[in-house]
Every structure is written in C-alpha cells, then in structure tokens.
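Here is a friendly walk through one protein chain, for anyone meeting it for the first time. Have a look at the picture, then read on.

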Amino acid sequence: MDRRNFLKAGGAATAASALAACGGNAPAPSTGGVAAPEIKLHWKMVTAWPANFPGLGTGAAKVGELIGRMSGGRLTVKVYGAGELVPAFEVFDAVSAGTAEMGHSGPYYWKGKAEAVQFFCAVPFGMNAQEQNGWLYHGGGLELWRELYARFDLIPFPAGNTGVQLAGWFRKEIASVADLKGLKMRIPGLGGEVLARLGGAPVNIPGGELYTAMQTGTIDATEWVGPYNDLAFGLNKVARYAYYPGWHEPGPTLECMVNKRAFEALPEDLQAIVEAACRAVNDDMLADYTAANQRALETLIDEHGVQLKKLPDDVLAALREASAAVLDELAAKDEFTRRVYASFKAFRDGARRWHEVSEVAYYAARG
Ligand code: CA
C-alpha cells in the first residue's frame, strides 16, 4: 500500500471509530487494511439558503468540504445556494428525485409532504438544541425520521442547530394577544399554525426575500433566526422592535438529506464519512451561533439602537395554550404522526424534569 492509500484507509477507520464512539450504528468499513478501490465521485448539494449565508449556508458548505477532506477527494460535493440549481422550497423534491444527491434545509419546510417532519425540526414550546439532539441520537427520534424519509427515497441526518431563536421583528409593539389579530407574519411550520389560531395570518417566504417583503409591506412582521442572521439580512432596518424569546423555534434541527440510492451505492467508509461530516456540522453550527449571536446582539443594541422586548407573559401563555391544542390535533391526523408525537412528548417531559434541576436551576443560580 502506498502512503496515499494508507492514509485513505486510516482516515476511513478514524471516521468509522469516531462514528462508533458517538453512537452511530454504521458497521465498520470492510476494507480490512486493504486499500479501497480508487473512485472519484462528485455530488451536488442543493440548499434552502443563500450561498454561504452566515451559519446556515456556511454550515452546509462545511458538510461538503469535510466530506471532500475526510475522503481524500474520493467524494467531493459542490454546494449550491437557493435558486442556483433549484429554488429554496424545491430542495426536498430535487434530492428525492436524485437531481442532486444531497440537500441542506429545515425539515419543517416539508410539512406538505408529511406533517410529522415538524417534530424533527422545531416545535413551539418544544425542546432546545441539547434536548433535540438527545432525542434524535439517543431517544429514538432519528429512527422515526429515517422511517418517514424512506418513503421519499431519502435518508436524513441532523446537520445543524441555531439554538433558541428570536420571536421576530415587528413594526408595531405587541402589547396584548389582540395585537396578533390580522398580523401578516412570516413564520413557517407549527409556529405559523399557532399564530393562525390566535388570529394572525402566517406565511412562509424564503429567507432571501424577507427584507423586501418587509420593506414593501407584503408582511407586517417576520421571524428569521436570531441576532447573527437577522443583522446579516438587515431586518433591523425594516422593523423597529425585536421580540424574544423564540417560543416557536427553541432549538430547530436543520437537516442534510441524502438520496437513498446514492447513499446506498457508496462504499461503507464513504457512508461513514457522510454521516460523520453531518454530525460534526450539527455540533459546530450551534457553537458558531453561540459565539456569533452574542456579538451581533451587542451590535444591534449598541450600534443600531434596536428595541429588544420580551413578549408579554399573557401573550406567551396564550401562545403556549394554542400550541398544545395544535400539537394534539396534529397527532390525531395519522398513525405515524401519533407515534412521533408520543416519542417526542415522552422525551420532552423527561428532559424537562431533569433540566429543571440542572440547566434551568444552573441558569437561575448563575444570575
Ligand atoms: Ca426561524
């Protein structure tokens, strides 16, 4: 074995053992010290984000870059921003059909395919990033997600999390539940359904179009992500008030979906590399947001004079009550969604009990 092939085999073994160490279930590569045959594969990744958009687009790019580096160039991934190959909201269909082998997006964009996708992404008053990862990797969540996506010839991998988001940007103050009535707001997924329950008019618009939609008055309010990303889009220039907390997206999981046939055609070591790259970015993106959000928050307040406000307690209480009703109705729609909700809810209740005496108690103690 020459040095180059030795490094390749070693790299594959490292990736596989890293995966085994973090709970992945892929078997060890079967090359057994023999150099893998020379292959060069070139994949396309379509995304729901503007190319290299901070956090989201750069996270997607990092998945592609890591796969190329970890595989020693045997599998390279060209990453496309929203609209470059397919529009943001056609990522799912493009990867399902094999037009692109991979896609990076938010699972809740695909609720028209199956309502249950929303549990794998963001649930109003649901789990934070830490809890979401616990459920997906070690609480049965990812198995359910894979079962669902198999219907569409897709394999999902958690591949990013923003942490708790902001509640959004509003041109007018939200002083009571009545202020939500008739409010045209960009808010996708279950959060939008909850807003509708309280008289609002939710819409979903790709991130790249939010500034214009706010500027032209197509919408009255929008949520996007948080200080880091909202500053990048200049949302502070089109709305006076930023509200918190992001009750609707307490720790949204982003996804890297892979076409099932393309994935299954890979040798086992490259499969392990794809999985490990997604896992690395799932972790790294949260770290990126944790660092960048605090810097951007300072800029928004100190340099741009943004008025940051907490949603009134009675508004949050009404949203919480409406969320419970929306979730119960959602779970009653079909057997699979009922199973996912049962699994999600059991994990969330357990996490709440433990986190009351760990995370929550610590935050309160830290002051
Ligand atoms: Ca959001």
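## A first look around

In β7, proline 202 is the bridge partner of methionine 185. Keep in mind as you go that this is a predicted model.

That bridge belongs to a bit of pairing between β6 (residues 184–186) and β7, which run in the parallel sense and share three bridges. Zoom out and you'll find both strands in an open sheet of six, ordered β7-β6-β8-β5-β9-β11, with mixed pairing. Which strands stand at the edges? They are β7 (201–203) and β11 (307–310); each has a single partner strand, so one side of each is left without a neighbour in the sheet.

Glutamine 165 and glutamate 249 bring distant parts of the chain together: they are 84 residues apart. Glutamine 165 lies in the loop between β4 (154–161) and β5 (168–170), while glutamate 249 lies in the loop between β9 (241–244) and β10 (253–259). Are these two buried or exposed? Both glutamine 165 and glutamate 249 are buried.

## Two buried strand residues

Tyrosine 80 sits in strand β2 (residues 75–80). Its relative accessible area is 15%, and the cut-off for buried is under 20%, so tyrosine 80 counts as buried. Who are its neighbours? Setting aside residues up to four places away in sequence, tyrosine 80 touches Lys44, Met45, Val46, Thr47 and Leu85. Take threonine 47: it is 33 residues from tyrosine 80 in sequence, yet their C-alpha atoms are 6.2 Å apart in space.

Asparagine 259, meanwhile, has its place in strand β10. With 4% relative accessibility, asparagine 259 counts as buried too. Leaving out neighbours within four places in sequence, asparagine 259 is in contact with Val95, Ser96, Ala97, Gly98, Ala100, Glu101, Asp153 and Leu154.

## Out on the surface

Some nonpolar side chains show on the outside. Tyr244, Leu297, Ile301 and Leu308 make up a nonpolar surface patch, and together they have about 290 Å² of accessible area. One of them, leucine 297, is found in helix α10 (residues 268–303), and leucine 297 is partly exposed at a relative accessible area of 31%.

For a helix that is hardly covered, turn to α13 (residues 359–366): how many of its eight residues are buried? The count for α13 is zero. Just after α13 comes glycine 367, which takes a positive phi of about 75°.

## Salt bridges

Side chains of opposite charge can pair when their charged atoms come close. Searching the whole structure turns up 16 salt bridges. Here are three of them, with the distance between N and O atoms.

| Salt bridge | N to O distance |
|---|---|
| Lysine 111 and glutamate 193 | 3.2 Å |
| Glutamate 115 and lysine 333 | 3.5 Å |
| Aspartate 349 and arginine 348 | 3.6 Å |

Start with lysine 111 and glutamate 193, whose salt bridge has its closest N and O atoms 3.2 Å apart. Lysine 111 is in the loop between β3 (102–105) and α4 (129–138), and glutamate 193 is in helix α6 (residues 189–197), so the pair ties together parts that are 82 residues apart in sequence. Lysine 111 is partly exposed, at 30% relative accessible area, and glutamate 193 is partly exposed as well, at 21%.

Next come glutamate 115 and lysine 333, also joined by a salt bridge. Glutamate 115 lies in the loop between β3 and α4, and lysine 333 in the loop between α11 (313–331) and α12 (335–356), so this pair ties together parts that are 218 residues apart in sequence. Lysine 333 is exposed, with a relative accessible area of 51%.

Last, aspartate 349 and arginine 348 have side chains that meet in a salt bridge. Aspartate 349 is partly exposed, at 34% relative accessible area, whereas arginine 348 counts as buried at 13%. Both belong to a network of salt bridges that links Arg348, Asp349 and Arg352.

Terms used
Residues numbered from 1 in each chain as written. Predicted model: local features only at pLDDT ≥ 70, side-chain atom pairs only at ≥ 80, totals over all residues. Heavy atoms only, no water. Helix = DSSP H or I, 4+ residues; strand = E, 2+ residues; numbered from the N terminus. Buried < 20%, exposed > 50% of the residue type's maximum accessible area, 1.4 Å probe, protein only. Patch = residues over 30% accessible without salt bridge, like charges linked within 9 Å, V, L, I, M, F, W, Y side chains within 5 Å. Areas by Shrake-Rupley, 256 points an atom, 1.4 Å probe, with all protein chains shown as cover. Salt bridge = Lys/Arg side-chain N within 4 Å of Asp/Glu carboxyl O. Pairing = 2+ DSSP bridges. Contact = heavy atoms within 4.5 Å.
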